[in-house]
Amino acid sequence: MTGARTRVDPHVKVLDERVVERAREAGIDTLVYAPHFTRLPEIRARAERHSTDAVTVVPAREVFTGDWGNRRHLLALGLSEPVPDFITFEAALAEFDRQGAAVLVPHPEFMNVSLTRAEVGAYRDRVDAVETYNAKLFDHHNDRGARIAAAFDLPGFGSSYAHRRGTVGAAWTEFEGDVRGEDALVEAFRTGTPRTVVRRTDPATRLRRLVEFAHLGYENSYGKLDRLFLSGMEATHPRHIAYDGRFDDVAVY
């Protein structure tokens, strides 16, 4: 751990031995692993398997609320039970509240997948932090996130949002004190523990960020086509047998 502070990358989509090694080399103490369309038990098992003495991997879920035309993403840390995608926004928040999870707003006002400024304001008492720096996005996106957090006096956080290994280490959130481990990190977000957002600005990092942004083209073309038409029902679809009908009444389709 880096002195009396803890370096956390609160949102990565990739995880293997090389990712953990890149995090260690960057001095990051904790990675928050929240891959798309993956159920919590699988995320948790993978996080445990890849945690090391140097880097703790914390499981989390970026839940896609609403349908494809009206998505609002929420990042939840500290879940004890699985929460599916494609349920109503209110239902997701209620489930997070019930489980005592920390609720973060990733990439606010980005495309049609994020909370708007007005929505952050309306739900400010039910979210714990707003992303003010995302290494995958451009400066004007991040400036907008910082303004939203400031407007509603909400703590910020920064992440690599790495979908590719090389982006790990591009940005992190540095908390005061020891917040390693899932419980400590959830508590730090929920209580507003002081933190600083740190980012790298060297040419190699800028190039990796551009590659990350270009990766959105794949996510929103073939990746989406595969999810919608080729791969069958998502593992995190609320009507999947794994959820035993618990979310049928709040499923959006």
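Two strands count as paired if DSSP finds at least two bridges between them. In this predicted model, strands E5 and E6 meet that rule, pairing in the parallel sense over two bridges. Within this pair, leucine 104 stands opposite alanine 129 in E6. E6 is mostly covered, with six of its six residues buried.

**The sheet**

Let's step back to the wider picture. Nine strands form an open sheet with mixed pairing, in the order E7-E6-E5-E4-E3-E2-E1-E8-E9. Strand E7 (156-159) and strand E9 (195-199) stand at the edges with a single partner strand each, so one side of each has no neighbour in the sheet. On average, neighbouring strands are turned by 35° against each other, direction ignored.

E3 and strand E4 (residues 72-77) make an antiparallel pair over six bridges. Here arginine 61 stands opposite alanine 76 in E4.

| Strand pair | Sense | Bridges |
|---|---|---|
| E5 and E6 | parallel | two bridges |
| E3 and E4 | antiparallel | six bridges |

As you trace these strands, keep a general rule in mind: in a regular strand the side chains alternate between the two faces of the sheet.

**Helices on the sheet**

Helix H5 packs on the sheet, touching strand E6 (129-134) and E9, and the direction of H5 makes about 155° with that of E6. H5 (residues 139-151) has 13 residues and reaches 18 Å from its first C-alpha to its last, close to the 18 Å expected at 1.5 Å a residue. Which residues of H5 are buried? They are His141, Asn142, Gly145, Ile148 and Ala149. These residues cover an arc of only 120° around the axis, which puts them on the same side of H5. Just after H5, aspartate 153 takes a positive phi of about 55°.

Helix H6 (residues 182-191) lies across several strands, including strand E1 (5-12), strand E5 (102-105) and strand E8 (171-176). H6 runs at about 60° to E5.

**A look at helix H1**

Helix H1 (residues 17-25) has Val19, Val20 and Ala23 buried. Seen down the axis of H1, the buried residues fall within an arc of 95°, so they line one face of the helix. The face turned away from that buried side carries the exposed residues Glu17, Arg18 and Glu25. What covers the buried residues of H1? The cover includes strand E2 (30-33), helix H2 (40-50) and strand E3 (56-65).

Both ends of H1 have a detail to look for. At the start, a side-chain oxygen of aspartate 16 comes to within 3.1 Å of the backbone nitrogen of arginine 18. Just after H1, glycine 27 takes a positive phi of about 80°.

**Tyrosine 33 in strand E2**

Finally, find tyrosine 33, which lies in strand E2. Is tyrosine 33 buried or exposed? The relative accessible area of tyrosine 33 is 8%, and buried means under 20%, so tyrosine 33 is buried. Leucine 15 is 18 residues from tyrosine 33 along the chain, and their C-alpha atoms are separated by 7.2 Å.

How values were computed
Residues numbered from 1 in each chain as written. Predicted model: local features only at pLDDT ≥ 70, side-chain atom pairs only at ≥ 80, totals over all residues. Heavy atoms only, no water. Buried < 20%, exposed > 50% of the residue type's maximum accessible area, 1.4 Å probe, protein only. Helix = DSSP H or I, 4+ residues; strand = E, 2+ residues; numbered from the N terminus. Arc of directions from axis to C-beta. Contact = heavy atoms within 4.5 Å. Polar contact = N/O pair within 3.5 Å; in protein donor to acceptor, adjacent residues only side chain to side chain. Expected span 1.5 Å × (residues − 1). Axes fitted to C-alpha atoms, helices over the stretch in contact; angles between N-to-C directions.
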